[in-house]
Amino acid sequence: MIASLFISFFVIIFVFGIVYVLLNRRKYEVEVGFLIIFIIYFINEITYFISFNLSAENFFNIPLALIIWYISIITRHFSVGMFAIIHNFELNKDSRVRFLPVLIYIFIGGISLSLLFVPDSFTVIQKDFEYFYLFNNIGLLTSIILFNFCIVLFSWIIQIKGYHKFADKKLGKFYYIFMLLFSLNIFLYSLYLITLNIYFNLLHSIVYLIGIGYFVFIIIKKPNLFAVFTNKIYDLIIFHKSGILLYSFNFQTREEVDESLLKGSILIGISHILANLSNLEAQVTHIKMKDRAVVFNFNTQLGYAALLIAKHRNKILEKSIDNFMNEFSTINKDSLKNLTGLIDVSTFKNAKGLINQYFSHFFTEK
Amino acid sequence: MNYITLLSLIIGYFFIFSLGLVVTIHIFRNRKNYGTPLIGVLTAATVFSLGVIHATFYILSVVFFISEQINILFLKFSILAWFISLIITSLLFSFFREYKKIKPFPFIFYTLLLGLLIGGLLTSDSIALNLSTSLPSSIIFIDPSLINYYFNIVIGTITIGFQILIISHYLYIAIIINIRSKKKEETLPILLNAIIFSIPITLNILYILFQQTLFRELFIVVLWIAYIGLSIMFVKKPDMFFVIPNRIYSINIYHKSGIQLYSYNFENQSDSNTASTIWSNILIGLNHILSEFLDKKDKINVIQTKEADIVVKYEEDSGYALIVITNRKNSIVEDLMKNFSNEFKLKYKNELSEILDINKIINVSEFSDLKDLIEKIFQLYL
């Protein structure tokens with residue numbers, strides 16, 4: 001009864017989230033690889049929660065309930081591990097040991113998985129209308145608790161150390177609350193496994209549902225979640241090969257930069273770079289600095305280039321620049337081809353609309 | 001009792017153990033010669049793990065009989081040491097391909113399999129000992145052919161799967177390096193190494209599959225022979241990690257005013273002033289732009305183009321920038337740049353302090369004898 005209630009709530013939250021995202025899919029910008037990982041993660045979450053609740057129901061016979069219990073443990077490891085790994089990779093991008101937490105999770109997860117297949121690891125106890133699973137294999141219980149402990153410990157270290165990397169601080173704060181719910185959920189789950197107390201089971205399921213509901217809330221509230229997790233754009237500048245500044249936009253002030261405000265040093269620099277515009281091999285594509293990256297995108301046919309200063313380069317950013325450049329070239333084709341004599345750069349003010357169209361995800365809150 | 005096998009294994013063990021210790025100490029003391037300290041430490045760890053830890057536990061599990069549990073425990077430790085050695089070796093192989101640019105997937109699988117193995121080994125019936133003689137009452141030397149181990153299905157599957165993955169990974173990396181390399185003869189040792197190392201691994205797989213002691217003895221003999229060869233290679237040719245993964249195309253030194261002080265081309269090993277002027281232009285341009293848009297402390301580290309990485313090292317106190325054009329930036333190149341820059345500063349201390357004032361006339365011919373210094377420091381890339 002309680003299981004079906006929890007599962008129903010869970011399905012309602014998930015269906016609502018999925019329908020909302022599908023209806024508003026234009027708002028969401030996400031790399032395909034990342035999307036696949038996220039789908040796998042959610043499949044594991046769904047399987048875990050349903051199997052965890054069903055495994056307690058005495059509607060099933062003991063062997064079947066035990067199989068469902070095994071499924072819940074395996075999918076729990078996958079879902080919690082995957083979330084921690086995604087969190088680690090996003091916030092720990094530049095660390096020299098970014099793979100270390102991942103390898104530790106996989107290593108301990110491997111031990112648990114191996115011990116799980118030792119025969120007679122559990123004794124199934126039937127109390128009232130529910131099954132409880134008593135651990136006979138202390139090694140297995142220890143490895144599961146150790147796995148959970150490592151996940152919580154490393155996730156908090158990464159969250160605290162990486163908070164400053166959140167491009168959108170409001171998103172960072174949302175994430176703190178989610179991490180609290182995530183840790184509490186793991187803590188209650190571990191307590192339930194150790195004590196087999198029904199109250200810990202109920203509390204775990206309630207906190208789990210709140211956590212999932214909150215995550216759906218973040219996705220709805222912050223559609224730029226996947227694009228700007230830690231990335232940030234500072235400036236977008238468009239130059240003609242003659243060295244003339246066609247357009248410049250600052251993402252922090254969200255305003256166009258007046259060309260008279262740009263110093264002579266920039267113009268000298270541009271002419272140096274654009275002198276090599278025709279040399280395809282020597283074309284600079286990307287400049288890395290300690291805290292920033294400069295991405296170049298050239299259009300040799302129309303003789304102009306876009307320079308984007310961001311925190312770091314990624315595929316979403318590159319795709320946005322490509323789309324922006326394609327659209328910019330289409331609408332300004334004639335103007336760019338006829339840039340002779342007195343040049344009126346106000347023609348290129350239409351770039352602002354394109355910025356709103358292709359880079360709106362990167363307008364972040366401080 | 002077959003004393004020949006027993007004695008051969010014990011003598012072989014002492015030789016391998018001593019060699020392992022000597023080579024580990026040698027590599028550790030000369031770790032700088034291996035490109036970076038990380039590679040040095042990993043190489044030493046491979047040698048130590050294979051020659052000292054694995055060999056010791058292996059010998060203890062097949063040559064002595066102490067008790068069933070203790071012998072099984074020694075074998076479990078030897079399997080663990082074997083797994084760890086192979087993972088570290090695999091990491092080194094990956095460095096051949098591209099330093100510190102490791103494809104994570106194989107290592108994620110290795111870690112998972114290592115975890116599964118440890119979980120499996122913790123269970124009591126994972127390995128069984130079969131003694132083809134009466135159970136001795138005290139610790140004795142035993143004919144290795146009389147002592148045999150049986151692996152349960154989980155451990156057998158994990159160890160076989162892991163070793164197949166390792167062989168495939170070694171061969172894949174070696175073949176990829178060979179295909180991509182312009183100098184095939186330079187990469188041939190890597191390919192040979194991968195093939196030679198695959199033989200003992202295959203023999204170990206056969207032992208686990210057929211549980212015949214002959215395969216186990218053959219495995220250790222071939223492994224130890226390969227180990228001797230590997231140790232000699234590590235000692236004699238520590239620079240093998242340097243050259244294979246990357247190339248340097250040119251080195252350029254620019255004064256802060258943008259004037260090129262010196263340029264060296266690695267392709268034709270000559271001073272060159274023409275090809276690099278394009279980079280001078282670009283660099284000056286970029287610095288002008290960046291000085292306007294960015295915090296001045298945030299200098300360029302590397303510029304990526306379609307064909308190359310341009311690694312930049314600023315010496316603000318001495319007023320110049322060192323630029324190395326390579327196919328891929330890595331720590332080895334950065335370390336060499338640092339060494340070169342230190343020597344350059346020392347050698348041209350007076351000249352550099354004179355031109356700190358950008359209004360002074362710069363005589364670039366003063367830096368024309370840099371060729372020797374470059375060839376000394378970057379000799380492995382020549």
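Reader: How do H2 and H7 of chain B sit, and at what angle do their axes cross?
Author: In this predicted model, the axes of H2(B), residues 37-62, and H7(B), residues 213-236, come within 11 Å. They cross at roughly 155°.

Reader: Is that parallel or antiparallel?
Author: Roughly antiparallel. Angles over 145 degrees count as that, so H2(B) is roughly antiparallel to H7(B).

Reader: Left-handed or right-handed crossing?
Author: H2(B) passes H7(B) in a left-handed crossing.

Reader: Which residues meet there?
Author: From H2(B), take B:Thr43, B:Val47, B:Leu50, B:Gly51 and B:Tyr58. They meet B:Ile220, B:Tyr227, B:Ser231 and B:Phe234 in H7(B).

Reader: How many of those are nonpolar, polar or charged?
Author: Six are nonpolar and three are polar. The contact of H2(B) with H7(B) has no charged residues.

Reader: Switching to chain A. How many helices and strands?
Author: Chain A has eleven helices and eight strands.

Reader: What share of chain A is buried?
Author: Buried residues are 34% of its 366 residues.

Reader: And the contacts, how far apart in sequence are they?
Author: Take the chain A contacts between residues at least 6 apart in sequence. Of these, 66% join residues at least 24 apart.

Reader: What about H4 in chain A, is it enclosed or open?
Author: Largely enclosed by the rest of the structure, because 13 of the 17 residues of H4(A) are buried.

Reader: What span should H4(A) have, at 1.5 Å a residue?
Author: H4(A) covers residues 100-116, and its 17 residues should span 24 Å. Its end C-alpha atoms are 24 Å apart, which agrees.

Methods: Residues numbered from 1 in each chain as written. Chains lettered and ligands numbered in written order. Predicted model: local features only at pLDDT ≥ 70, side-chain atom pairs only at ≥ 80, totals over all residues. Axes fitted to C-alpha atoms, helices over the stretch in contact; angles between N-to-C directions. Helix = DSSP H or I, 4+ residues; strand = E, 2+ residues; numbered from the N terminus. Parallel < 35°, antiparallel > 145°, perpendicular 65-115°, else oblique. Left-handed = near helix turned anticlockwise from the far one by under 90°. Contact = placed C-beta atoms within 7 Å. Nonpolar A, V, L, I, M, F, W, Y, C, P; charged D, E, K, R; others polar. Buried ≥ 20, exposed ≤ 12 C-beta atoms within 10 Å, placed from the backbone. Expected span 1.5 Å × (residues − 1).
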